[in-house]
Amino acid sequence: MRFLFLSRRGDIAPVAKRVQAEGNEVWLAIQEPRGKRIYDGMLPKVPNLWAGLAKSPEIVVFDAVGQHHDWRTCMGKGIPCFGGSTLASVLELRKLEELVACHGVLCANQGAVSGTIELHVEILYSRGKPVYPASGRLVQNRFLPGGQGAKTRGESWIVWNYAEQVPKIVQDTHLKIYPFLKDETFTGFLTMAVLIGHDGRPYFVRFAARPSDDALFGHIALLRGEIGKVLADAAKGQLGAMDADCKSLACTLRVSTPPYPTETDVSYGNSMPGLR
């Protein structure tokens, strides 16, 4: 099968490499100039979406929000897409507490929440249909161990799959907004970040509607079988369930080099591809 991976900064390149290793044809397009050289010599690359479409891909995979104009182009050509939709951009980039609340989900902005544990609950959707198992995540958002250092976000993750098909945390979050996602035929990973209060209830904070954070690699480590088939079947609306390990934990740890995390000037990205 032929895959085009359209990436904002190159985050999904390791996934593209794995899909290639599974025997598929793969092309990678990176949009931001400072990431253009990522995976040079490791994957076939194209400079942009239009050069990628010239390769006649059967599936297009997006790794960020804000790519909905390219998503519309691909969908208009009848190419199944994973992620990148207009709805994905809306869910992540806009404040949607009112939408979530009207579906019965408790929201952190409705009042003071007693409790500080942030839990991420993720489900993969295939044309509006949830694909189980659901997964949970805990994240360390500080550069140094023990919650110390700069707040860099996503330095390390712990990821697991729920053994129950619809655990209570899913009933209180995703299941409540399922009718909306079904009507919009949402396809891709959708994470709901919630605060767990001392009352034991989850309070919605925000959505993440993209597969570009480091936790993705923990999620993939718990999947059995070919990730390319999962992406393709989900994009086509043919994915019924995932064969995944529901007894283990996966963890990810970000490895970096100076001047990260104190220097974020674009000029460093230009001279040091892969550094941000």
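Which residues line the second largest pocket? In this predicted model, local features need pLDDT of at least 70 and side-chain atom pairs count only at pLDDT 80 or more, whereas totals for chains, interfaces and linings use all residues. Residues are numbered from 1 along each chain as its sequence is written, and side-chain values use heavy atoms, with hydrogens and water left out.

The lining of the second largest pocket consists of E118, V139, Q140, N141, R142, K151, R153 and R206. A pocket is an open set of points on a 1 Å grid over the protein atoms alone, where a 1.4 Å probe fits, with protein on both sides within 12 Å along at least five of seven lines; lining residues have an atom within 4 Å of a point. Strand 6 and strand 7 are the elements that give two or more residues to this lining, and strand 6 supplies the largest share, four residues. Strands (E, at least two residues) and helices (H or I, at least four) are DSSP runs numbered from the N terminus. By class, the lining has five charged, two polar and one nonpolar residues. Asp, Glu, Lys and Arg count as charged; Ala, Val, Leu, Ile, Met, Phe, Trp, Tyr, Cys and Pro count as nonpolar; the others, Gly among them, count as polar.

An open sheet is formed by six strands in the order 9-8-5-6-7-10, with antiparallel pairing. Two strands pair if DSSP finds at least two bridges between them. Strand 9 (202-208) and strand 10 (249-253) each have a single partner strand and stand at the edges, so one side of each is left without a neighbour in the sheet. From one strand to the next, the twist averages 30°. Strand 10 runs antiparallel to strand 7 (residues 148-161), and five bridges join the two.

Buried means under 20% relative accessible area, exposed over 50%, and partly exposed in between (1.4 Å probe, protein chains only). Opposite A250 stands V159.

V159 is also one of the residues in contact with H219 when neighbours within four places in sequence are left aside; contact means heavy atoms within 4.5 Å. H219 belongs to helix 8 (residues 215-221) and is buried, with a relative accessible area of 3%.

Note on methods: Axes fitted to C-alpha atoms, helices over the stretch in contact; angles between N-to-C directions.
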